Amino acid sequence: MCGIIGYTGRLDALNVLLRGLEQLEYRGYDSAGIALLSGKGDDRLLIKKAGPVAALKETCENLKVESHCGIGHTRWATHGGVNDTNAHPHIAGKVTLIHNGIIENYHNLIEKFGFRDLLVSETDTEVAARLLNYYYSGDPYEAIRRTIREITGSYAFCIMFEDIHDKIFCVRNVSPMVAAHMEDGSFVASDVTAVIPYTNRYFVIPEYQIVTLGQDGISVQDFEGNPVSPEMLEVNWNIEAAQKNGFPHFMLKEIHEQPEALRNTITPRLENGLPDFSEDGILDEVLSGCDKIAIVACGTAMYAGMVGKALIEPIIKIPVSVNIASEFRYESPLVDEKTLVLVISQSGETIDTLAALRLSKECGAKVLSIVNVKGSTIARESDYVFYTHAGPEIAVASTKAYMVQLASLYLIGCRMSMARGKFTEAEARTFISRLTDSISAVQKILENKKRIKEAASLVAKAQDAFFVGRGLDYAFSLEGSLKLKEISYIHAEAYAAGELKHGTIALIEKDTPVIAVATQDHIYGKTISNIREVRARGAFVILITKTGAEIPEDICDIHFAVPVSHDQFSVFPVAVILQLLAYYTSDMKGLNVDKPRNLAKSVTVE
Ligand code: M6R
């Protein structure tokens, strides 16, 4: 949450910062601001505005400023409302500061240091700026060390001192930050998307180390002042991947990238038609040595986990639980040395998921994480990492990351079934060939999306919508409903179809949209009966079945058929229909599809 960019070097700092903020806006878009050091005397320029980066950019349009060192921020508000004053950067005396995270003890610090009358904003960040200034008497390292000793919470700080004209100082705990140096200068950012136009080599700023960005290089030292050499990483995608490339929205582009993302995630892990994770360093013992599996994640990633459970548990016949990461820590989870904890996260930075991972390790469990962002905190702290290869996902609503999380769970499920003697080689081979066939099923839906747009025009009129399904179909419906509500603001809920009549059916009125997913042969008849129940109460039914399914007369208003080689694999094409339905609904309502209100891409606060 919150986008951070800092630059010092030969280029025009204002341009670099504004460009970086545009790239990072998906991390938070309540307000944006920049601070520039002029390099002459004590000149410092601060501009901040509530609203999108575009508003900040407009304000900066006719600015004549020569600066080669500055910091910028795009905010997702936690402490204090959305207004110009609460926007970052914050200035206190000689200190200019931007921050991502939450300073938990900021109230105590205000009292302890008597800051109350000095503060102009309602933010926890300004308290940190005050504290830094309180300790600053010419030695930035000393001021940072003493400040950090006082602070509890999570933070990524980017700091400039008024009398140090060409340097930026950074320090972090939990909240992510990366740094990179190239010929034209040094960069810091909350993620690589802002750095990628300049270089593909970067490092993750290690926690509790002080990083100094200078025009000619970056130095890192620990709190005792010893030099540290961080591990350099390389990004394996280019700037085009983080641009819209002709699509009106990132979300639509990312939906269309799914066949490629699936291929990139699945194909390198196949050896002679069977899953092989030797390159990932995941041996069969990891998959066969556990007596239960706990899946832990948030949001869409957690819903991918629901599909994983519905797929894997009946095959391997050991308990598989799906846990909301933010609850996991507080419910005394039944996790021990014999548990394999499967952590799922696109960003690899979701703080609740990270906390659950750490707790699982304390309980003695082995952690295998399914992560999209290389080098992210969750990836680094896991015992084993299974990287998904979706490329950068910029739209706040997750689509291609979900798709490859599913593919990863299918691959892991298959290898696990082999390792535990539940699949013969032939069965595994058939499973994998059905998985690879799913890529063309996804492609087919993309090629025939016009009718989904038509359906969306009817959903767009609704206040409420319901998604129903049984078994695996229920698991996909959960994600379908999240997608619709987060970008179209239509109240949407998913229910196990048989559960409706235990209360929820009271909400069904004439023309209430019900999106019914019925792709599982063994429960098809039962789901159809449940659809009849809502139909009898006037629901507007959009039905999704497998191609060739027998459709009873007058059971639905709109019908989509998905090409599927086996019931277990219907999630892949169905997910695309549900994503496109949400996308078109949001777009037709004229909403900001890629940056829905109140949300941010990467949730790094609890
Ligand atoms: O980066 P993560 O996968 O850990 O993020 C988890 C959720 O915050 C994320 O999936 C969220 O629910 C998306 N907005 C859903 O589209």
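How much space lies in the second largest cavity? About 40 Å³ lies there, where a cavity is a set of points, on a 1 Å grid over the protein atoms alone, at which a 1.4 Å probe fits but cannot get out. The volume is the space filled by probe spheres set on the points, and grid points are joined across faces, edges and corners. This is a predicted model, in which local features need pLDDT of at least 70 and side-chain atom pairs count only at pLDDT 80 or more, whereas totals for chains, interfaces and linings use all residues. Residues are numbered from 1 along each chain as its sequence is written, and side-chain values use heavy atoms, with hydrogens and water left out.

The lining of the second largest cavity (residues with an atom within 4 Å of a point) consists of Tyr-402, Phe-476, Glu-479, Gly-480, Lys-483, Ala-575, Leu-578 and Gln-579.

Lys-483 leads on to the ligand, since an N or O atom in the side chain of Lys-483 is 2.9 Å from a ligand oxygen atom, a polar contact in the sense of a pair of N or O atoms within 3.5 Å. A ligand oxygen atom also lies 2.5 Å from an N or O atom in the side chain of Thr-350, and a polar side-chain atom of Ser-345 is 2.6 Å from an oxygen atom of the ligand. Of the 410 Å² of accessible area that the ligand has on its own, the protein covers 90%, as computed by the Shrake-Rupley method with a 1.4 Å probe.

Around the ligand stand 14 residues, with Ser-345, Gln-346, Ser-347, Thr-350 and Glu-486 the closest; a residue is counted as near if one of its heavy atoms lies within 4 Å. Helix H9 (299-316) and helix H16 (472-488) each supply at least two residues of this shell, and the largest share, three residues, comes from H9.

A pocket is an open set with protein on both sides within 12 Å along at least five of seven lines. H9 gives the largest share of the lining, five residues, while H9, strand S19 (339-345), helix H11 (351-362) and H16 each supply at least two.

Two further spaces complete the tour. The largest pocket contains about 840 Å³, and its 39 lining residues include Asn-236, Trp-237, Asn-372, Gly-391 and Pro-392, which lie nearest its centre; H7 contributes the largest share, three residues. The largest cavity has a volume of about 90 Å³, and Cys-2, Trp-76, Thr-78, His-88 and Gly-101 lie nearest its centre among 15 lining residues, with the largest share, three residues, coming from S6.

Terms used:
Polar contact = N/O pair within 3.5 Å; in protein donor to acceptor, adjacent residues only side chain to side chain. Helix = DSSP H or I, 4+ residues; strand = E, 2+ residues; numbered from the N terminus.
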